[in-house]
Amino acid sequence: MSGRIVVVGAGLAGLSAALTVAEQGFEAALVSLRPSERAQSVMAEGGINAALGWDDDVRNHYDDTLKAGRFLADPNAVRGLTEAAPGILRRLVELGALFNMRDGKPELRYFGGQKIKRTAFARSGTGKQLMSAVIQEVRKYEARGLITRYDRHVFAGLLRDGNGCTGCVVRDTFSGEPLHLRGCVVISTGGMHGIFGCTTGSSDNTGAVTAALFRMGVPVANGEFVQYHPTTVSIPGKRLLISEAARGEGGRLFVLRGGKPYYFMEDKHPEFGNLAPRDVVSREMWALGAEQAYLDMTGLSGSVFRTRLSDTLEDCLEYLRLDPRKEPVPVAPGVHYFMGGIQVDERHRTALPGLYAAGESCCQYHGANRLGGNSLLGAIYGGMRAAESVMSDGRPGNVGAFIPADAEPDASASPAAQNAVRSALGIARDRAGMEAGIAALEELRGDIPLLGRAILAGALLRKESRGAHFRKDYPDENDAAFRKTTVVSYDGRNISVRFENIPERR
């Protein structure tokens, strides 16, 4: 490998990529708008999956991941993810992540879509703990000069030669000065939350970089698979997440019927009950119509709140002025995670040589619906895999031409664009709604409306229901036609959609 790696985004995936190359003696430039301490990864609450229990093994984790994703994920990539998980967890403990421990090992809890305790956790603030541990390790390499941070910088475009990407241009948000950074580029800028607005995600995760790259010709995949988390609450400007950990510890969903609680998940889905996969729970809540759903945590002990759900308790007290120890929490589904994103292969390479992507910004591991507890794992492992690919591919190249991102990438979508996408891509969709969304977005200019049209174009042509993509006009799965990856491309004039076969398991 010649030159250095340029990592755009300093959450868990970006930190993992930078740390992986630095540990091998190579240089990394780490670019972000905010310090890592303010990345969305800090907000992750419930935990991180690894097959560590006596009643568990890697194959079970692999099977659960593929099943939750309705068999759209690359099985070879998922095998790598699940096999690496125990080692990743041990490494995090070595780095000082303060997991809840029992008998010298991370304690495990139940999480959605899994019948086995597999999710290691740090109360209900796992993301904070993992980020703190990894940030401290990255700082060691910053001190040695192997990792250079560029905080308060934003992506402005790519450097290209005839063979692919040779670096990127970033802009200092204070001075406005551009900076050319040479090297293979890893994009780890998070999910496309800005396209929807008012999600559980960080307002900094606008999707602007993904949108700019799509306009430049980098395909996106499986964008129609948008995960609605079933237990969120509206607060000013966003949705407050009530962690799945609450249900993992015994919280129960109900509606009032005849003045009495009706525990609808336990009745309709006795196999998993309140811990059914998130797409299943969200659809059941959508089916309730005007009935208000509640999350009942009043039966949990004080010690559970103190040692396992302290962040959840604090959020409810501070933002909702409600004590979940004494009264149920009114909840509703909210946009939470994007299974789709920049298309990458098993090694996290995009269609453009020299350009890679990791974390929620890319489409990998989660198929049609992410298994709870796999996001932090996917970010760490994906960053590692992308960095390993950079080191093995190693393209020195020349600085080459600067390909700008629409003069200035969209910092956020307009309310009109957000409304169009939210209306068209709710929990339940149909042809008329998606066509109306596309028509509304065609009236708007900019990268993000273009990306919104691309996502809707793929959703419109996927004429089935699978995972987080539920169509009222096509309510069944259709394996023969659509057990495939949706790939959407842009050639500068037209959006095109194709369906690619899932790789065969090696």
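This is a predicted model: local features need pLDDT of at least 70, side-chain atom pairs count only at pLDDT 80 or more; totals for chains, interfaces and linings use all residues.
E23 is partly exposed, with a relative accessible area of 34%, and its side chain meets that of R91 in a salt bridge.

**Salt bridges**

- In general, side chains of opposite charge can pair when their charged atoms come close.
- Between R91 and E23, the distance from nitrogen to oxygen is 3.0 Å, and the two residues belong to distant parts of the chain, 68 residues apart. R91 sits in helix α3, which spans residues 75-94, whereas E23 sits in the loop between α1 (12-22) and β2 (28-31). Like E23, which has a relative accessible area of 34%, R91 is partly exposed, and the value for R91 is 33%.
- R149 and E142 also bring their side chains together in a salt bridge, with 2.9 Å from N to O. In this pair, E142 is partly exposed, at a relative accessible area of 25%.
- A further salt bridge joins the side chains of E266 and R252 at 2.8 Å from N to O. Because E266 lies in helix α8 (residues 264-268) and R252 lies in strand β16 (residues 252-257), this pair ties together parts that are 14 residues apart in sequence. E266 is partly exposed at 28% relative accessible area, and R252 is likewise partly exposed, at 31%.
- Some salt bridges share partners, and in this way R70, E224, R462, E464, R466, E477, D479 and R483 are joined into one network.

**Strand β14 and its partners**

- Is strand β14 mostly covered or mostly open? Strand β14, which runs over residues 226-235, is mostly covered, since nine of its 10 residues are buried.
- One partner of β14 is strand β19 (residues 329-338), and these two strands pair in the antiparallel sense over five bridges. Within this pairing, Y228 has V335 of β19 as its bridge partner.
- Strand β15 (residues 238-241) also pairs with β14 in the antiparallel sense, here over four bridges, and V233 stands opposite L240 of β15.
- β14 and β15 together form a hairpin with two residues between them, and G237, which is in the turn, has a positive phi of about 85°.

**An open sheet of three strands**

- Three strands form an open sheet in the order β3-β7-β6, and their pairing is antiparallel. The strands β3 (48-49) and β6 (108-109) stand at the edges and have a single partner strand each, so one side of each is left without a neighbour in the sheet.
- β6 pairs with strand β7 (residues 119-120) in the antiparallel sense over two bridges, and in this pairing L108 stands opposite A120 of β7.

**Helices α2 and α3**

- Two packed helices are described by the angle between their axes and the distance between the axes.
- The axes of helix α2 (residues 58-68) and α3 come within 9 Å and cross at roughly 135°, and the two helices are therefore oblique to each other. The crossing of α2 and α3 is right-handed.
- On the side of α2, the contact is made by V58, H61, Y62, T65 and L66, while α3 contributes P75, V78, R79, T82, E83, A85 and P86.

**Two buried residues**

- R308 is found in the loop between α10 (302-307) and α11 (310-320). Why does R308 count as buried? R308 counts as buried because its relative accessibility is 15%, and buried means a value under 20%.
- When neighbours within four places in sequence are left aside, R308 is in contact with N100, R102, E107, R109, F121, R123, S124, E249 and S303.
- A18 is found in helix α1 and is buried, with a relative accessible area of 0%. Not counting residues up to four places away in sequence, A18 touches V7, A28, L30 and I147.
- The C-alpha atoms of A18 and R160 are separated by 22 Å, and these two residues lie 142 residues apart along the chain.

Conventions. Residues are numbered from 1 along each chain as its sequence is written. Side-chain values use heavy atoms; hydrogens and water are left out. A salt bridge is a side-chain nitrogen of Lys or Arg within 4 Å of a carboxyl oxygen of Asp or Glu. Buried means under 20% relative accessible area, exposed over 50%, partly exposed in between (1.4 Å probe, protein chains only). Two strands pair if DSSP finds at least two bridges between them. Axes are lines fitted to C-alpha atoms, for helices over the stretch in contact, and angles run from 0 to 180 degrees between N-to-C directions. Angles under 35 degrees count as roughly parallel, over 145 as roughly antiparallel, 65 to 115 as roughly perpendicular and the rest as oblique. A crossing is left-handed if the near helix is turned anticlockwise from the far one by less than a right angle, and right-handed if clockwise. Contact means heavy atoms within 4.5 Å.
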